[in-house]
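Subject: Structure for you to look through

Hello,

Here is the structure I said I would pass on. Please open it beside this message and follow along.

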Amino acid sequence: MQLKRLWLTINPTAKQQWQALLTQAGLMADGQVDYTVGLYEHEQLIGTGSLYQNIIKCVAIDETVTHQNLLAPLIKALLDRLAETPYDNAFVYTKPCTAPYFEALGFKAVVATKQIVLLERGYPDLNAYQLLLDQHKVTSTNAGAIVMNANPFTNGHLHLIKTALKTCDVVYVFVVSEDRSQFDTQARLTMVQQAVAAEPRVIVLPTNHYLVANATFPAYFLKDHADLAVAKQQAQLDATLFLRKISPILDIHHRFVGEEPLSPVTQVYNEQLAKVLTGQVALTVVPRLQYHGQPVSATAVRAAIAANEWSTVDQLVPPTTRQFLKGS
């Protein structure tokens, strides 16, 4: 047997073999990977595993091969690669039937659906994040939650928060922590915090690795280029993690999302939230705020900034965001 790196972007044959092996294993051929290894017997690809940043994913073994423990060399190669990076923790997507193998390597299950288990090892971990949430918990009888990227924070985001406050006595606003947007994590957190500074019933929190994150829902960041079948599985996992691991810590009874006429990936997320939360956490889909007949969106704000159309920006964002943008 031979273990070697697969260059999926420049080797069509290797990519076809990789896709076929994943399909045989009942896995989506998720193209959002940046390092892939393959295990070959003669010219046949009999095993594969990939990394995306610090996430191990797309791990599969040819079901017709009878050799034992073929996962070991694959995972060792991926962990060796991770050891060369600055990451202190790692995540793995895998099928439920192979989760015990990763647990034997020191990984701990974070959350599972029927199709996927997400595991992690290293620190900071889910326990550390739950402790952070508990430290910010406010006594309430009907707490609500919103997850937003706020890239940048708009009047639409503010409208969503104000709508939630009409129903809930406390609203937790989770700001996506991944630096995969035009505005970095700290900038987006600051914009949200400034916009709600006068409202003590709004608590602004980071998502870290556990909501709309590279580890839970990487398809979100691909937008129009995302595979919607992959996005559906990931959205279900993300929604399940929120329901089982986050909402109980903060005693959240209500989740709010904006109606999504523009992004198919976000629409998939809303649909999966509705299915997962049914009967346990209420979900309200709030109609989007309109400006001149069009939904107010961060995309429109970024386009106006790029075109130096600041009069349009002024109509789409609250004064605090405008002030932040002028100073950044």
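In which loop is Pro152 found? Pro152 sits in the loop between strand 8 and helix 5. Keep in mind throughout that this is a predicted model.

The peptide bond that leads from Asn151 to Pro152 is cis, with omega near 5 degrees. Another cis bond runs from Tyr123 to Pro124, also with omega near 5 degrees. Pro124 has its place in the loop between strand 7 and helix 4 (126-135). As background, most peptide bonds are trans, and most residues other than glycine have a negative phi.

Are they buried or exposed? Asn208 counts as partly exposed because its relative accessibility is 28%, which falls between the cut-offs of 20% and 50%. Val212 has a relative accessible area of 3%, so it is buried.

Next, the sheets. Strands of a sheet pair through backbone hydrogen bonds, either parallel or antiparallel.

Strand 1 and strand 2 (residues 35-41) run antiparallel and are joined by four bridges; Arg5, for instance, has Val37 in strand 2 as its bridge partner.

Another open sheet has five strands in the order 10-9-8-11-12, with parallel pairing. Here strand 10 (202-206) and strand 12 are at the edges, each with a single partner strand, so one side of each lacks a neighbour in the sheet. Strand 9 (residues 170-175) pairs with strand 10 in the parallel sense over five bridges, and Tyr172 has Ile203 in strand 10 as its bridge partner. Helix 5 (residues 155-167) lies across strand 8 (143-148), strand 9, strand 10, strand 11 and strand 12, running at about 150 degrees to strand 11. Helix 8 lies across strand 11 and strand 12, at about 160 degrees to strand 11.

Helix 8 (residues 264-277) has 14 residues, which at 1.5 Å a residue should span 20 Å; its end C-alpha atoms are 20 Å apart, so the two agree. Its buried residues include Val265, Val268, Leu273 and Leu277. Among the elements that cover the buried residues of helix 8 are helix 7 (228-250), strand 11 (252-258) and strand 12 (282-286). Just after helix 8, Gly279 takes a positive phi of about 80 degrees.

Finally, a pair of helices. Helix 6 (residues 185-195) packs with helix 11 (residues 319-327) at an angle of about 140 degrees, and their axes are 8 Å apart. The crossing of helix 6 and helix 11 is right-handed. Ala187, Thr190, Met191, Gln194 and Ala195 in helix 6 meet Thr320, Thr321 and Phe324 in helix 11. The residues of this contact divide into four nonpolar, four polar and no charged.

Regards

Definitions and conventions. Residues numbered from 1 in each chain as written. Predicted model: local features only at pLDDT ≥ 70, side-chain atom pairs only at ≥ 80, totals over all residues. Heavy atoms only, no water. Helix = DSSP H or I, 4+ residues; strand = E, 2+ residues; numbered from the N terminus. Expected span 1.5 Å × (residues − 1). Buried < 20%, exposed > 50% of the residue type's maximum accessible area, 1.4 Å probe, protein only. Contact = heavy atoms within 4.5 Å. Pairing = 2+ DSSP bridges. Axes fitted to C-alpha atoms, helices over the stretch in contact; angles between N-to-C directions. Left-handed = near helix turned anticlockwise from the far one by under 90°. Nonpolar A, V, L, I, M, F, W, Y, C, P; charged D, E, K, R; others polar.
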